[in-house]
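Welcome to this guided tour! Open your viewer, get the selection tool ready, and follow along from stop to stop.

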Amino acid sequence: DTARAFSVERSASGWKAGAPVPYAFLCAAFDRCAQTTKRLEITTIMTDTLRAILETTPADLLPTLYLSLNALGPAFAGIELGLGDALLLKAVAETCGRQEKQLKAELDAEGDLGSLAMAARATQRLMFTPAKLSVRRVFCAFIEIAQLGGKDCQQKKRDKVKALLVAAVDNEAMYLVRSLQGKLRVGLAEQTVLTALAHALALSPPAATGCAPPSLGKLGAEGLHEVLARAETVLKDVYSQLPSYDVIVAEALVHPLAELSTRLHLTAGVPVRPMLAKPTKGIGEVLERFGSGAFTCEYKYDGERAQLHRLPDGTYKIFSRNSEDMTGKYPDVLQRLPRALLDSTSSFIIDCEAVAYDVATAKLLPFQTLSTRAKKNVSTEQVKVQVKIFAFDCLLLNGAPLIKQPLSHRRAALRSAFREVPGEFAFASASDSDNAEEIADFLNDAVAASCEGLMVKTLDVDATYEPSKRSLNWLKVKKDYLEGMGDSLDLVPIGAYHGRGKRTGVYGAYLLACYDEEREEFQSICKIGTGFSEELLAQLAAFFREEGRTLAKPRPYYRFPAKPDLVPDVWLETCTVWEVLAADLSISPQHCAAVGEVDPSRGIALRFPRYIRTRDDKKPEQATSATQVAQMYRDQWGNAKKGKAAVADD
Ligand code: ATP
């Protein structure tokens, strides 16, 4: 069916062999993705789309991928459109002959500027037929918009947007606007695009690679499944080490897929997706999981993840947990780093935590202090919050990738290449004991030293560095487990309630949601009003009331309680992530988190939630996922060995 629908689209979009891929062709694929929630179907649609491009116009593969991913380049390149909703609204109004005020009212009621743009274009009579949009023209225009700077740049950006909109027909206007807003919302998760690319390269190898397409008749269903699985493993492995489609696509168009793992690997200057840890409920669980092999416990520092790179040319880079370039944020760290380097060290990638540090008392300061540091274009003289680096892993040293080596080897490499410098650079405090009491003491020491708890890591067996994976080989034991739950959650405010009494004039409580990656929706998990100072509530109210952050109605991708007293007074745009602690999780007749995962029709709710801090390093889509919520719920009851779960009352 997909193949049939797909060839219809191809001829309908007027695409001739070798010619630029029509934007209409990609938009038709987006439409079909939007009509299903099944991950497999979306993968097939995208595989077919990418195959058609590989077979006909391979040069357009890269822009197609970026448009599908809603990105303009790799995350670390930091290319951003720099367009606000107000500018887009104005551009749509001007192009479609609509009153801006009227359009804004409709937007408040409807919620999707993309659909409004499509509807407005459909009723417009045109004097002449505009030239058809192509994938490459749209992508190039996006890049040009991103590059515009200086005087009148907003006006120039708006003109470029208008030029695109004028040429847009049918659903093109909708997808253009949504892409410009950074919210395609057709269910295209990053992993889906990556899988589709792997499958497409396996089934339709580019001519320049010299590989023949696999013979489906000979392979049979099982053989085909194997070919696709192998392609996926190769590509995902390569991407986790070198997350740059620019480099990967350039290679994949001329070299066989199977060769990519030997051709492409970790490179200083390109950030690796960080390895993540699984939460635990305490030391007992750690010993249960790791008891039979060697492991190490490290302090879990309360700062910001920082991946430090030294390139072969001697320059340095620092990347965030999200692979964003933070080099401009930490000039002081880079200035001092050479003091911690031994002479024999040339290129490296080390995984570290940057922690705020009080020089006078030689004490670590909490994350809240670190978050007051400016984020961009900092000059060394301006730095008020000193930072100390705690290094805990070494992923590449002197050109050699180490991630396939066990942690014991990587840790030795780290220590062989760096030296500790008081107040500036240290190795993460570690204890390799497997004695429960000694670990408990070490945890107490960690907490006393202002750390969040411990990170526990396998040393020799199953101890490679797994980029971007939340691995069972890294466990976190947070001090919070003593207070109830094993871990905090990172949640997104999607609604707010007017405050009363002392909180009149600000929002007194918020509706929080987790993110369901499969369904691409934000699902309510609790109402929260605890943990905020009055000053913070005032700041938050001002933040949300700023242009475009409150909504007249919920987004179509919000799932929330029907109970009237839980329906927020004001809906919010997803734009911030809050770390939250709670007493426990319970099945809820009202809230929608992970609905269907633990209970067929009810979701999961947090009981007695309290705000801890704002997570500037996470995007709304990186909030705690519905699957994680379901897992936390199961773990909670599994560990507590209680047969029956409590049911929340709100
Ligand atoms: P996650 O990253 O698991 O989604 P999160 O961002 O809330 O959740 P935490 O639960 O705080 O992260 O735990 C992992 C983070 O702890 C790492 O990303 C890193 O920034 C920090 N960290 C501090 N000390 C260490 C250490 N010794 N080893 C690894 N990570 C550490």
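Predicted model: local features only at pLDDT ≥ 70, side-chain atom pairs only at ≥ 80, totals over all residues.

**Stop 1: a helix across a sheet**

Select helix α15, residues 283-290. This helix lies across β2, β11 and β12, and runs at about 155° to β12. Now colour the open sheet, whose 5 strands come in the order β1-β12-β11-β2-β10 with mixed pairing. Its edge strands are β1 and β10 (430-431), each of which pairs on one side only.

**Stop 2: around the ligand**

Next, show the ligand. Which residues come nearest to the ligand? Out of 14 residues around it, they are E298, R305, F392, A428 and M455. Strands β1 (276-279) and β2 (295-300) each supply at least two residues of this shell. Colour the shell by residue type and you will see 7 nonpolar and 7 charged residues, with no polar ones.

**Stop 3: a covered strand and its partners**

Now select β7, residues 387-397. Is this strand mostly covered or mostly open? Mostly covered: 11 of its 11 residues are buried.

- β5 (residues 348-358) pairs with β7 in the antiparallel sense over 9 bridges; look for I349 opposite L396.
- β9 (residues 425-427) runs parallel to β7, with 3 bridges between them; here A391 stands opposite F427.
- β8 (residues 400-401) pairs with β7 in the antiparallel sense over 2 bridges; find L397 opposite A400.

The hairpin of β7 and β8 has 2 residues between the strands. Zoom in on N398 there, which takes a positive phi near 45°. Why does N398 count as partly exposed? Because 14 other C-beta atoms lie within 10 Å of N398, whereas a buried residue needs 20 or more and an exposed one has 12 or fewer.

**Stop 4: another positive phi**

Move to D170, in the loop between α9 and α10. Phi of D170 is near 45°, a positive value in a residue other than glycine. D170 counts as partly exposed, because it has 14 C-beta neighbours inside 10 Å.

**Stop 5: helices and the nonpolar core**

Select helix α7, residues 113-122. Its buried residues are L113, G114, L116, A117, M118 and R121. They pack against α5 (85-96), α6 (100-110), α9 (153-166) and α10 (172-181).

In soluble globular proteins, nonpolar side chains tend to be buried together. The largest nonpolar core here has 142 residues, and V92, A117 and L197 touch the most other members. Click V92: leaving aside neighbours within four places in sequence, V92 is in contact with L103, L113, L116, A117, A120, L165 and V177. Apart from this core lies another one, of 47 residues, including L489, L491, V492 and I604. Select those four to finish the tour.

Terms used:
Residues numbered from 1 in each chain as written. Near = placed C-beta within 6 Å. Helix = DSSP H or I, 4+ residues; strand = E, 2+ residues; numbered from the N terminus. Nonpolar A, V, L, I, M, F, W, Y, C, P; charged D, E, K, R; others polar. Core = buried A, V, L, I, M, F, W, Y, C linked by C-beta atoms within 7 Å. Contact = placed C-beta atoms within 7 Å. Pairing = 2+ DSSP bridges. Axes fitted to C-alpha atoms, helices over the stretch in contact; angles between N-to-C directions.
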